Amino acid sequence: MTGMNTPKDVLALMEKEKVEIVDLRFMDFPGLWQHFSVPASEIDEDSFTDGLGFDGSSIRGWQAINESDMIVKPVPTSAFIDPFTQHKTLVLICNIADPLTGEDYTRDPRNIARKAEKYITSSGIADVAYYGPEAEFFILDDIRFDQNEHEGYYFIDSVEGRWNTGRAEGPNLGYKPRYKEGYFPVPPTDSINDIRSEMVLYMQALGIPVEAHHHEVATGGQSEIDMRFAPLVEMADNMLKYKYIVKNTAKKYGKTVTFMPKPLWNDNGSGMHTHLSLWKDGKNLFFGDGYAGLSETAMYAIGGILKHAPALLAFTNPTTNSYKRLVPGFEAPVNLAYSRRNRSAAVRIPMYSQSEKAKRFEFRCPDPSSNPYLGFAAMLMAAVDGIKNKINPGDPLDKDIYDLPPEEAAKVEKTPASLRAALEALERDHDFLLQGDVFTEDVIETWIDYKLNNEVLALDLRPHPWEFALYYDI
């Protein structure tokens, strides 16, 4: 909240707003916001320096049971009044510390993002990295899913879903976007316009600048809200507020939201195209007179992103579902190349504006299932590695990839085809993440182990419904 710089400022706000409850929030390792609440009377100035204790052994990917005690340290500048709670509640985003040493916890995703910001400053390359993620999501009316030893299914429904054109809805009004044609008819076909507007107004009330909102390509309520760019940690914080607001606003209307990259078969998935620019002394380091108005520094940064993309995707596309979106032949950004116009390239240079302020590149692979602290930090480390080592990104891919001769198309490297492949790439290629102690070997090993055992292997063990269609009568 604007003007909240010190613990005293926060305490004064609590008194002014008659706050009853303080909600302490932090990020778990895979990427879900966690919280616990205390009465407002429990918070004083010492709370911000000494922190408050909690059990970290039940947080995914964190401490073992024999070393479970952890401390949350509230960040004064993060304070905001929760717009959804029944009782007046102040939210404070927290950093995680070890109670014995007082040191920042190495597996705290926010700590990793903070270290990435410090690293870019200490390297002398830049003093700020600006991020502009474009997160897509589905606003649905119903979701049911289960899998056990003898059955497995999911049922998705939306009043907007094209599959409901023949349903008796008493009456069925018929305004349902065709598959791949949801971008972007006016209401009544866009039936969730007012809900998105309310989401935007909540965001603005919390101090998050919003540039636009609109329906996205898929049927069934796919949407996008675009926040204005911000520095790395601030934007990752905003991304969590964004998800919280989107989900809770939808819940007010009896609807549900998913940020899964590919919830619908045979229609567009949800990405999180992420814009990046590096600045120093008030100047955009990516602005220049080279290809698409980029500087040499920007080209090297692109080189780093493309070189490390297979490993990078283990953080920016961290679910098995992510790779059902990243499939060749469907306009997905699967080609590890850059372009000013080809949207199937992993890196695109937007050409809407040629001003210095607007010059950046867009990494199109990420999706909104990612932990933004880890994904944004990993992106930055790859870009910085490209700059430091002057990694040449090669020639742009400005031709239509589908019109290329087979031998030429085969030379264009592709993104990993699965989460397992991305994790294997991360295991081979992660030295760039260890620079400045931003990520640690422990973080990399824990991430790979958690993802393999809890997600990749868990999916491998379970029969898929379509396997019955293919093989039952063998």
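Accessible areas were computed by the Shrake-Rupley method with a 1.4 Å probe; for residues, only the protein chains shown count as cover. On this basis the accessible surface of the chain comes to about 22,000 Å². Carbon and sulfur atoms hold 51% of that surface.

The model is predicted: local features need pLDDT of at least 70, side-chain atom pairs count only at pLDDT 80 or more, and totals for chains, interfaces and linings use all residues. Residues are numbered from 1 along each chain as its sequence is written, and side-chain values use heavy atoms, with hydrogens and water left out.

The chain has twelve helices and 18 strands. Helices (H or I, at least four residues) and strands (E, at least two) are DSSP runs, numbered from the N terminus. The radius of gyration is 23 Å, close to the 23 Å that the globule rule gives for 474 residues, so the chain is as compact as a globular protein of that length. The radius is taken over C-alpha atoms, and the rule is 2.2 Å times the number of residues to the power 0.38. The C-alpha trace spans about 65 × 60 × 50 Å along its principal axes.

Buried residues make up 54% of the 474 residues. Buried means under 20% relative accessible area, exposed over 50%, and partly exposed in between (1.4 Å probe, protein chains only). Of the contacts (heavy atoms within 4.5 Å) with a separation of 6 or more, 67% link residues 24 or more positions apart.

Helix α4 covers residues 193-205. Its 13 residues reach 19 Å from first C-alpha to last, close to the 18 Å expected. The expected span is 1.5 Å times one less than the number of residues. Ile-195, Arg-196, Glu-198, Met-199, Val-200, Tyr-202 and Met-203 are buried in α4. The buried residues of α4 pack against strands β7 (128-140), β10 (210-215) and β11 (222-227), and against helix α5 (232-252). Just after α4, Gly-207 takes a positive phi of about 85°.

Most residues other than glycine have a negative phi, and most peptide bonds are trans. The loop between β9 (152-157) and α4 contains Pro-171. The peptide bond from Gly-170 to Pro-171 is cis, with omega near 0°. Pro-188 lies in the loop between β9 and α4. A cis bond joins Pro-187 to Pro-188, with omega about 10°. Lys-180, also in the loop between β9 and α4, has a positive phi of about 65°. Lys-180 is partly exposed, at 42% relative accessibility.

Lys-390 sits in the loop between α7 (372-388) and α8 (406-409). Its phi is positive, about 50°. At 57% relative accessibility, Lys-390 counts as exposed.
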